[in-house]
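Some notes on this model follow, as numbered points.

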Amino acid sequence: MGIRGLMSFVEDHSNEFFTDLKLRDTKMIIDGYALFHRLCFNSNLELRYGGDYDAFADVVQKFFESLCACNICPYVVLDGGCDISDKKLTTLKDRAREKIQTAHSLSVGGNGCVCPLLIREVFIQVLIKLQVRFVQCFSEADRDIMTLANHWNCPVLSSDSDFCIFDLKTGFCPLNSFQWRNMSTLEGTQDYYIPAKCFSLDALCRHFSNMSKALLPLFAVLCGNDHVNLPVIDMFLSKARLPFGATSSKGRRHHRVLGLLNWLSHFADPTEALSNVLKYLPKKDRENVRELLCCSMEEYQQSPVKLQDFFQRGTYVCPDARNLGLPEWVLVALAKGQLSPFISDALVLRRTILHTQVENMQQPNAHRVSQPIRQIIYGLLRSASPHLQNTSRNALPFQPLAFSEVERVNKNIRTSTVNAVELPKDHSDLSRLTEPAYVIVAGSYMVDCTVQTPDMAT
């Protein structure tokens, strides 16, 4: 998650790049994905036996009670499905492989951290119970978080090093230095605050010869983030003779970060710097690489989504979601977290990633038993979007619409093709699915189909 090596680099220079805060009396935008992982992995929970959900829910509740005691008003923003460009697929598959190895280690008594399958749903349930305001974005949330935080002039709480690149007006507070368990009182008062540290982008730029902030998105994509991992970038790094600066043990740990930041600090703007990057690449690759890098740098610009409209008026407008032509209730249910990102992945990409849990790796994964239900869900989604309907029309006659599922097979991942169930026309209108009578009829059909389908786990 984020930019390779950057978080450990800025933490090694904590005295230079961070300021101490006594946090209270403020709004705060919280990266929900980062928070529930942090609370899950740093609260001594049992992770081997399917999920210690009661204990996790208790930790989440105590976290938000600490914020309330300090008059901090949280707004939680959760990631949705994958981006429509699918540019993170390689990264997601690599993480899925790593998670399988970690889950295997846990299953045989070793160490590691893998979120239980329902941890996100439990997190959302606690948010609803505590009436904490939250939104689930249609795809990745980072840009939306940055845009909302700047609109409200309040800090961001996350563990994602991408927030060291965003130009945040009030700064970024890393979760690992957010001491919510150690509240203190302001001297001479009974007012509580949470000790925290706030990253200063200005201090980072000053450290590197007052470099322009506008160069940092190019640094992020050259250093390597979740979106860009090109062999030709390694070619540039090997040829450019980057000035590493410090040669201490800490400096040697961060050669790539130091070298790139020092090198980029010599340029006035991203256009000049990018032209110099391309000089080191074969001519045949330059235009494609320029286009890819420019596209990736846009991920650090302002988002067109205005989350303040959702929190203030309940309206969530995302261009990518609107362009799919989905029923309004689906868009609302996704934004409110009532539908999983699994749904948007299936709609946008016709592909889902089935998350690994701690289980016997020699047996079929636990998701296999629910595959007939997912096939009916795919059948319902088929009628929801012109995007999928057009795909279906282009298929061969009598060929069912196929979806891809990335799943665990033994200790590796495999992409399996799963056909959507062809539903009768009077059972497949997603726009009517929330009507009570329609739910009863469609639900009966689903039960009938799943009962007649052979057990996938055998």
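1. The largest nonpolar core holds 95 residues, and F9, I29, F219, F236 and Y316 have the most contacts inside it. A nonpolar core here is a set of buried Ala, Val, Leu, Ile, Met, Phe, Trp, Tyr and Cys residues joined through side-chain atoms within 4.5 Å. Helix α9 (residues 216-223) gives the most to this core, with seven residues. Another core lies apart from it, with 38 residues, including I30, L47, F63 and V122.

2. This is a predicted model: local features need pLDDT of at least 70 and side-chain atom pairs count only at pLDDT 80 or more, while totals for chains, interfaces and linings use all residues. Residues are numbered from 1 along each chain as its sequence is written, and side-chain values use heavy atoms, with hydrogens and water left out.

3. The protein chain has 21 helices and 11 strands, taken as DSSP runs (helices H or I, at least four residues; strands E, at least two) numbered from the N terminus. Of its 458 residues, 51% count as buried, meaning under 20% relative accessible area with a 1.4 Å probe, protein chains only. Among contacts in the protein chain with a separation of 6 or more, 71% are between residues 24 or more positions apart; contact means heavy atoms within 4.5 Å.

4. I29 touches Y75, V77, I145, L148, A149, W152, C154, P155, V156 and L157, leaving out residues up to four places away in sequence.

5. Helix α12 (residues 255-264) is mostly covered, with eight of its 10 residues buried. Among the buried residues of α12 are W263 and N262.

6. G337 sits in the loop between α17 (328-335) and α18 (341-349). Is G337 buried or exposed? G337 is buried, because its relative accessible area is 19%. Neighbours within four places in sequence aside, G337 is in contact with I124, F134 and Q136. The C-alpha atoms of G337 and R120 are separated by 9.9 Å, although the two residues are 217 apart along the chain.

7. The lining of the second largest pocket has 23 residues, of which D83, S139, E140, R143 and E299 lie nearest its centre. α7 (142-152) and α16 (319-322) each supply at least two lining residues, and α7 gives the most, with three.

Key. Buried means under 20% relative accessible area, exposed over 50%, partly exposed in between (1.4 Å probe, protein chains only). On a 1 Å grid over the protein atoms alone, a cavity is a set of points where a 1.4 Å probe fits but cannot get out, and a pocket is an open set with protein on both sides within 12 Å along at least five of seven lines; lining residues have an atom within 4 Å of a point.
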